[in-house]
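Dear colleague,

Please find below the sequence and structure that I am handing over to you. My findings follow directly after them, arranged by topic.

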Amino acid sequence: MQMRKLGNQGLMVSEMGLGCMGMSEYYGSFDDRESIATIHHAIDLGINFLDTADIYGPFTNEQLVRKAIRDRRDQVVVATKFGNVRTSDGQFLGVSGKPDYVRSACDASLQRLAIDTIDLYYQHRVDPTIPIEETIGAMAELVQQGKVRYLGMSEAAPATIRRAQAVHPISALQTEYSLWSRDPEDEILPTVRELGIGFVAYSPLGRGFLSGAITKPEDLDPTDFRSQSPRFQGENFYKNLQLVEQVKAIAAQKSVTPSQLALAWLLAQGKDIVPIPGTKRRKYLRENADGADVTLTPEDLQRIEVVAPKEIAVGERYAPRHMSSVISKRIQK
């Protein structure tokens, strides 16, 4: 696994990370023992970049990561997030960027992870009611105190990113990016590249849809949050399946899996991009990791562009109640 640079502050991570969210919530049933084995296998394969957040579980995913890395801390880069406020029973209370909350959330994450320093600390969602300068200022204090090494943001608009960068260097911006979510190409990628900020692509396999393993809505566990996602519902599901079939055809001709093709495409979009496919099983982890070894020719990339142009996906990325907190051009304080 090769290494890539995120930002200009010195953060180096494996060219592909591991999203840990689904190990504790959202994607149906889970098995802690297999999840820990998956994290260990990732480290053995050279994947050192682990992505979690305080709300996953809620709160239990950080504890799971703690168990997996307790004797491997020096081999991993731990990224976690704050900003989405939840109760222990899972209720969402909104988004907070208040400085006091930033500080308390960081201390809680450090305790759950049982580490002294968070390698990359993201603001998970931007709080439109709090000036970004105040939130990033509080995060910068955490760096000064040695509790955090590098700062990141997630689902932030270009103007907000610029204001944040003026307060303290931002090493990474995390946003959904894949063959069926190419919105970042319009404004986000140009902005972070201008500012020297790395880009972390979450849901690089379209929440598993681009893997080709989901062929009908009934394939999803009833508790799976994707069943509530517009792209996985009704007519949208079958229209989006047409894209997957075309991706599968190109992958077959390359003798790779659809997942490997989709990840190779992302890696080919720039050396500053690091996808973090999530999985809770070792067999899928190895398949994803092998995507880093797939070479796409200019002809391959052109064929992919034809079948997966911008805005090819049908339906919003999230249900309406969640879309309000993702990238927004609304005026922030």
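Leaving aside its neighbours within four places in sequence, which residues is Leu173 in contact with? The contacts of Leu173 are Met153, Ser154, Ala156, Ile161, Ile188, Val192, Ile197, Gly198, Phe199 and Val200. Please bear in mind throughout that this is a predicted model.

**Nonpolar cores**

Leu173 belongs to the largest nonpolar core, which has 80 residues. Together with Leu18 and Phe199, Leu173 is among the residues with the most contacts inside that core. Another core, of 16 residues, lies apart from it and includes Val77, Ala172, Ile276 and Tyr318.

Helix α3 comprises the 15 residues 99–113. The buried residues of α3 are Val102, Ala105, Cys106, Ser109, Leu110, Arg112 and Leu113. Viewed down the axis of α3, these buried residues fall within an arc of 165°, and they therefore line one face of the helix. Asp100 and Gln111, on the other side of α3, are exposed.

What covers the buried residues of α3? The covering elements include the helices α2 (60–69) and α4 (132–144). Also included are the strands β5 (77–82), β8 (118–123) and β9 (148–154).

After α3 comes Ala114, in the loop between α3 and β8. Most residues other than glycine have a negative phi. Ala114, however, has a positive phi, near 55°. With a relative accessible area of 54%, Ala114 counts as exposed, because the cut-off for that term is over 50%.

Thr117 is found in that loop between α3 and β8 as well. Its side chain reaches the backbone oxygen of Gly146 at 2.9 Å. Not counting residues up to four places away in sequence, Thr117 touches Arg73, Leu110, Gly146, Lys147, Val148 and Arg149. Of these, Leu110 is one of the buried residues of α3.

Helix α2, which is among the elements covering α3, has Asn61, Glu62, Leu64, Val65, Ala68 and Ile69 as its buried residues. They cover an arc of only 155° around the axis, and so they are on the same side of α2. What covers them includes α1 (32–44), β4 (49–51), β5 and α3.

Pro58 is found in the loop between β4 and α2. The peptide bond that leads from Gly57 to Pro58 is cis, with omega near -5°. By way of context, most peptide bonds are trans.

**Tyr26**

In the loop between β3 (18–19) and α1 lies Tyr26. Phi of Tyr26 is positive, near 80°, in a residue other than glycine. Is Tyr26 buried or exposed? Its relative accessible area is 18%, which means that Tyr26 is buried, the limit being under 20%.

**Aromatic pairs**

The count of aromatic pairs comes to eleven. A pair of aromatic rings is described by the distance of the centres and the angle of the planes. In the pair of Phe82 and Tyr121, the ring centres are 5.1 Å apart and the planes stand at 35°, so this pair is tilted. Because Phe82 lies in strand β5 and Tyr121 in strand β8, the pair ties together parts that are 39 residues apart in sequence. Phe82 is buried, at 0% relative accessibility, and Tyr121 is likewise buried, with a relative accessible area of 0%.

The rings of Phe209 and Phe232 have their centres 5.2 Å apart and their planes at 90°, which means that the pair is edge-to-face. Phe209 and Phe232 are 23 residues apart, and each is found in the loop between β11 (198–202) and α7 (234–254). Both residues are buried. They also form one aromatic cluster with Trp180, Phe237 and Tyr238.

Yours sincerely,

A colleague

How values were computed:
Residues numbered from 1 in each chain as written. Predicted model: local features only at pLDDT ≥ 70, side-chain atom pairs only at ≥ 80, totals over all residues. Heavy atoms only, no water. Helix = DSSP H or I, 4+ residues; strand = E, 2+ residues; numbered from the N terminus. Expected span 1.5 Å × (residues − 1). Buried < 20%, exposed > 50% of the residue type's maximum accessible area, 1.4 Å probe, protein only. Arc of directions from axis to C-beta. Contact = heavy atoms within 4.5 Å. Polar contact = N/O pair within 3.5 Å; in protein donor to acceptor, adjacent residues only side chain to side chain. Core = buried A, V, L, I, M, F, W, Y, C linked by side-chain atoms within 4.5 Å. Phe/Tyr/Trp six-rings, centres within 6.5 Å; stacked < 30°, edge-to-face > 60°.
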